[in-house]
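Subject: Structure handover and findings

Hello,

My notes come after it.

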Amino acid sequence: MVAEGGECLPPSETVIDREVWTEGALGLPEARGFADGGGVTVAVVGSGVDDTAAALDGAVDGAGEDCVGFGTFLAGIVAARGQDDSGMVGVAPAARVLAVGVTDDRGVADAQDLAGGIESAVGDGADVVLVGAPVPAAGGDTGIGAALRTAADADALVVAPATVPTDGGPVAALPGPGPGVLAVAATGPDGAPAESEPAVDADGEPVRADLAAPGRAAMGVGPGGDGHFTSGGDAVAAAFVAGTAALLRSHEPDLDAGAVAERLTSTAYPAPGAASEALLGAGTLDPVAALTAVPAPREAGAAPEAAAFSPDPPTPPTVGRTLAVAGGSALLILVLAVGAAAVRHGRTRRT
């Protein structure tokens, strides 16, 4: 999210005061009736978090400069506090955010940076670790495996993007799906996969996602003030899952990280058909179902299993409620160093 020309992302001067589409699509107002994320710490491992925005004031440990703005954006998706003149609120607005900066000023990090960030987050007490530094998967000893073992030993759930955008298209991202990790893919406002076909890894195999969540035209805060931005990608989708994990760990503090991951995947709204399943994993995140699921009866000694509670399907999102711009045009304002883009839009903030 570095501005064109290489300078740091400037503050946005626009604020959207309407309810954003992700609120209704995910049933977040209802979900927050069960829990608000209180008592849970979510680490955002990425470009840092700027807490200048009122929505993040007092919510962030380790806040500082965020030149590219993406870490701040993800932190807002997870835990922005509601504001009277804003239609944007985080998934878990009472959760704490732990800022763990691992990228350079262009938003670039490597596998060793990411591994060190995960270990730092776990060492500082994170209950959920959101990977917000898009790092393409690579061979060799990256240190990621050791970092994930550290997270598992500390009962911290790692939530990560399934893919990272590049000039040649999306590729597999680290740390990848596996024990203790939820790899998340993005959907659009219509609920369809953001990508038309799965990315492939270095071996030519389709990149697997565990779960999907909104990852296009999502709204959040940015560095330098209260203005809003929109962005997208699998990392944004992962932020919605990390926020929901915070709600679940707040609502049922006795659930360990593995049980939280199982609950989120077992209660996901199923992917429609084999083609979508390849792109969406278990299906689309359903926070209300995850928070209201009743554990299924099990035989003695069997592993716990959540029985999916199936409310009505999510209401198709109304894109116009988020994308309406008083006065007209949307302005392209930020591009990730790895190739993702976002737009800033909304009404001009009243002075």
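The notes cover the sheet, a hairpin, salt bridges, a surface patch and some backbone angles.

This is a predicted model, in which local features need pLDDT of at least 70 and side-chain atom pairs count only at pLDDT 80 or more, while totals for chains, interfaces and linings use all residues. Residues are numbered from 1 along each chain as its sequence is written, and side-chain values use heavy atoms, with hydrogens and water left out.

An open sheet of 7 strands runs in the order 3-4-2-5-6-9-10, with parallel pairing. Strand 3 and strand 10 (211-214) are at the edges with a single partner strand each, so one side of each has no neighbour in the sheet. Strands here, like helices, are DSSP runs numbered from the N terminus (E, at least two residues, for strands; H or I, at least four, for helices). Two strands count as paired if DSSP finds at least two bridges between them.

Strand 2 (residues 41-46) and strand 4 (residues 96-101) run parallel and are joined by 6 bridges. Gly-46 stands opposite Gly-101 in strand 4.

Strand 6 (residues 157-161) has 5 of its 5 residues buried, so the strand is largely enclosed by the rest of the structure. Buried means under 20% relative accessible area, exposed means over 50%, and partly exposed is in between (1.4 Å probe, protein chains only). In a regular strand the side chains alternate between the two faces of the sheet. From strand 6, Leu-157, Val-159 and Pro-161 point one way, and Val-158 and Ala-160 point the other way. Strand 5 (residues 128-131) runs parallel to strand 6, with 3 bridges between them, and Val-129 stands opposite Val-158. Strand 6 also pairs with strand 9 (residues 181-187) in the parallel sense, over 4 bridges. There, Leu-182 is the bridge partner of Val-159.

The hairpin

Strand 11 (residues 218-221) and strand 12 run antiparallel and are joined by 4 bridges. The two strands form a hairpin with 6 residues between them, and Gly-224 in the turn has a positive phi of about 90°. Met-219 stands opposite Thr-230 in strand 12. His-228 and Thr-230 point one way from strand 12 (residues 228-231), Phe-229 and Ser-231 point the other way, and all are buried.

Charges

The structure holds 5 salt bridges, each being a side-chain nitrogen of Lys or Arg within 4 Å of a carboxyl oxygen of Asp or Glu.

- Glu-23 and Arg-32 form one, with the closest N and O atoms 2.3 Å apart. Glu-23 is buried at 5% relative accessible area, and Arg-32 is buried at 19%.
- Asp-61 and Arg-96 meet in another (2.7 Å, N to O). Asp-61 lies in strand 3 and Arg-96 in strand 4, so the pair ties together parts that are 35 residues apart in sequence. Asp-61 is partly exposed at 34%, as is Arg-96 at 27%.
- Arg-208 and Asp-210 also meet in a salt bridge (2.8 Å, N to O). Arg-208 is partly exposed at 47%, whereas Asp-210 is buried at 14%.

Glu-65, Asp-104, Asp-105, Asp-110 and Asp-113 form a negative surface patch. Patches are made of residues with over 30% relative accessible area and no salt bridge; like charges are joined within 9 Å, and nonpolar side chains (Val, Leu, Ile, Met, Phe, Trp, Tyr) within 5 Å. Glu-65 is in the loop between strand 3 (60-61) and helix 3 (70-79), and is exposed, with a relative accessible area of 60%.

Backbone and loops

Most residues other than glycine have a negative phi, and most peptide bonds are trans. The following depart from that pattern:

- Leu-174 and Pro-175 are joined by a cis peptide bond, with omega about 10°. Pro-175 is in the loop between strand 8 (171-172) and strand 9.
- Asp-155 has a positive phi near 60°. Asp-155 lies in the loop between helix 5 (144-153) and strand 6 and is partly exposed at 30%.
- Ala-217 has a positive phi of about 55°. Ala-217 lies in the loop between strand 10 and strand 11 and is partly exposed at 22%.

Lastly, Val-20 is in the loop between strand 1 (14-15) and helix 1 (21-26) and is buried at 4% relative accessibility. Val-20 and Val-89 are 69 residues apart in sequence and 8.9 Å apart in space, C-alpha to C-alpha.

Regards

Conventions:
Areas by Shrake-Rupley, 256 points an atom, 1.4 Å probe, with all protein chains shown as cover. Lys, Arg positive; Asp, Glu negative; His and termini not counted. Charge placed at Lys NZ, Arg CZ, Asp CG, Glu CD.
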